[in-house]
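Subject: Structure handover

Hi,

Here is the structure we talked about. Please have it open while you read the notes under it.

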Amino acid sequence: MTRPLRVLAAAFAIAVTSLGGALYLAHERADRAASAPLSSGSSVAALDLRAILDAPHGGDQRMLDNAFRQVEKAYYKPINAQTLLSGEQHELIAYLKAHKVLAPAIPRLVATGDEERDIRSLNRGLADAQSLYGKQTSNAELTQAAIRGMLGSLGDPYTTYLSPAEINSLEESLKGGDFGGIGVYIVQDPRNKHILVEPIEGTPAYKAGVKVGDRIMRVDNHDVAEMKLEAVERLIRGKVGTVVEVEVQPHGKTATHTVAITRDQIQVPSVHAELKDGIDYVRLADFGQTSYDEVRKAMLAGKAKGAHGYILDLRNNGGGLLEAAVEISSLFIPQGTIVSTIDRGGNRDSKGALHEAIGATPLVILVNKYTASASEITAGAVQDYKVGTLIGTKTFGKGVVQSIYNTSDGGALKITTAKYVTPLGRDIHHKGIEPDVIVEQPAEAPIINTPKDLQLQAAKAYLRRTARR
């Protein structure tokens, strides 16, 4: 499967290696003296912390125990314990070799089927690595490698350990991105790895003259050509009021220039909206905590100004909160099931429309190969109920749901806990959703909402034809 481009709304958004997807936020936090499980997410089974907190291990081993117990308990498919033990061993060896340990002495771990004995085996593997090689790396990094290896052994790109920096970025994006920055969306072209930006109107970057499609070349004299987006993020972010120098190359040009931008507190909307020729165009970057209010406000504003057609642009939208997908779908679907999630035991949880439809018709939803997860929930529901027309190309095909559980180091476990189906029972995982009208077009962000945007042109033409009927 091609690794997707995941666009998150942020002071400058980040791209992660897998689609963030429809998430239940089940951040598990507990005082060490707590005597009962704690959970702030009503939709997710609580993490049983009692045994973990009382365990006679150090913090690293408690994290490892936590991960093992939680993935065995919550993962949406049955798990072979040997797979998890072998995953830990293989990743510890790979991590140590990458840190110049030529022949790491990490013994093979054998599962017995008894949970407590298997956990002790996991702990022995980690303890051996830490005692032999902790000074060459660090105990914390070895713990993270052990957990990543264990989860990675499942072959599920959505089940993983998130570092404190990664979980903070994810939380920021889902909360609407209220933090210091320069005010641009940032993406990485999957073909050539160029880092491209789109400034948000009214932000420091926009005022400094940064343009849509500009390529970032250097940040404060650091060449970013070989950097991951997370590293570029750290370079650009800084204390509000300080200046960052960004060298950019305008789209289609060879010359570059440097822009000095003063960092500011950025509240990034997840929605861009405009009314033109009677068509209300709303582009949604992700499904965050503020997205429903922003989409509703934008579409009601268009309705009040006499819009005779509506476009919800979900291209390059990798998802977000499942609850936000249900809320936004309810703007178009008066009643009925929006989505059903099914866990490992076959238990079905159906989420219905909230009876908040606003009469935004006729409606077109734009989709492409990076429309995924929560975006597919909305697209699938609209298509099943025939309350709108999907235009573009087949969607990504991510039909599973993740839950997030915090770890004691400030990071988190992201675990696939259920699959979902559309109102008509369609399982779209690895299949995607075929649009009603196929319009082929490259998925590069700079094309969107420009004269070269053939999919948007097709949507407007469809709405104009519908209005004349």
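His355 is exposed, with a relative accessible area of 60%. The cut-offs are these: buried is under 20% relative accessible area, exposed is over 50%, and partly exposed is in between, with a 1.4 Å probe and protein chains only. His355 is in the loop between strand 15 and strand 16. Its phi is positive, near 60°, and the residue is not a glycine.

Some housekeeping. This is a predicted model: local features need pLDDT of at least 70, side-chain atom pairs count only at pLDDT 80 or more, and totals for chains, interfaces and linings use all residues. Residues are numbered from 1 along each chain as its sequence is written, and side-chain values use heavy atoms, with hydrogens and water left out.

Helices (H or I, at least four residues) and strands (E, at least two) are DSSP runs, numbered from the N terminus. Glu356 counts as partly exposed because its relative accessibility is 33%. Leaving aside neighbours within four places in sequence, Glu356 is in contact with Tyr292, Ser330 and Leu331. Contact means heavy atoms within 4.5 Å. With Tyr292 there is a polar contact, side chain to side chain, at 2.3 Å. A polar contact is a pair of N or O atoms within 3.5 Å; within protein, one must be able to donate a hydrogen and the other to accept it, and residues adjacent in sequence count only if both atoms are side-chain atoms. Glu356 and Phe332 are 24 residues apart in sequence, and their C-alpha atoms are 8.1 Å apart in space.

Pro362 is in the loop between strand 15 and strand 16 too. The peptide bond from Thr361 to Pro362 is cis, with omega near -10°. For background, most residues other than glycine have a negative phi, and most peptide bonds are trans.

Lys193 is another residue with a positive phi, about 70°, that is not a glycine. Its place is the loop between strand 4 (184–188) and strand 5 (195–199). At 47% relative accessibility, Lys193 counts as partly exposed.

The whole protein

The protein has 12 helices and 20 strands. Of its 469 residues, 55% count as buried. Take the contacts with a separation of 6 or more: residues 24 or more positions apart account for 68% of them.

Helix 2 is mostly covered, with 12 of its 16 residues buried. Among them are Met63, Leu64, Ala67, Phe68 and Val71.

The axes of helix 2 and helix 5 come within 10 Å and cross at roughly 10°. Axes are lines fitted to C-alpha atoms, for helices over the stretch in contact, and angles run from 0 to 180 degrees between N-to-C directions. The two helices, helix 2 and helix 5, are therefore roughly parallel. Angles under 35 degrees count as roughly parallel, over 145 as roughly antiparallel, 65 to 115 as roughly perpendicular and the rest as oblique. On the helix 2 side, the residues that meet helix 5 include Asp60, Met63 and Ala67. On the helix 5 side, they include Thr143, Ala146 and Ile147.

Thr143 sits in helix 5 (residues 139–152). At 1% relative accessibility, Thr143 counts as buried. Its side chain joins that of Asp60 in a polar contact of 3.5 Å. Beyond four places in sequence, Thr143 is in contact with Asp60, Met63, Leu126 and Gln130.

Helix 10 and helix 11

The axes of helix 10 (residues 322–329) and helix 11 (residues 374–385) come within 8 Å and cross at roughly 25°. That makes helix 10 roughly parallel to helix 11. Leu322, Ala325 and Ser329 in helix 10 meet Ala374, Ile377 and Thr378 in helix 11.

Thr422 is in the loop between strand 19 (412–421) and strand 20 (437–438). Thr422 counts as buried, at 5% relative accessibility. Not counting residues up to four places away in sequence, Thr422 touches Gly380, Asp384 and Ile428.

Best wishes
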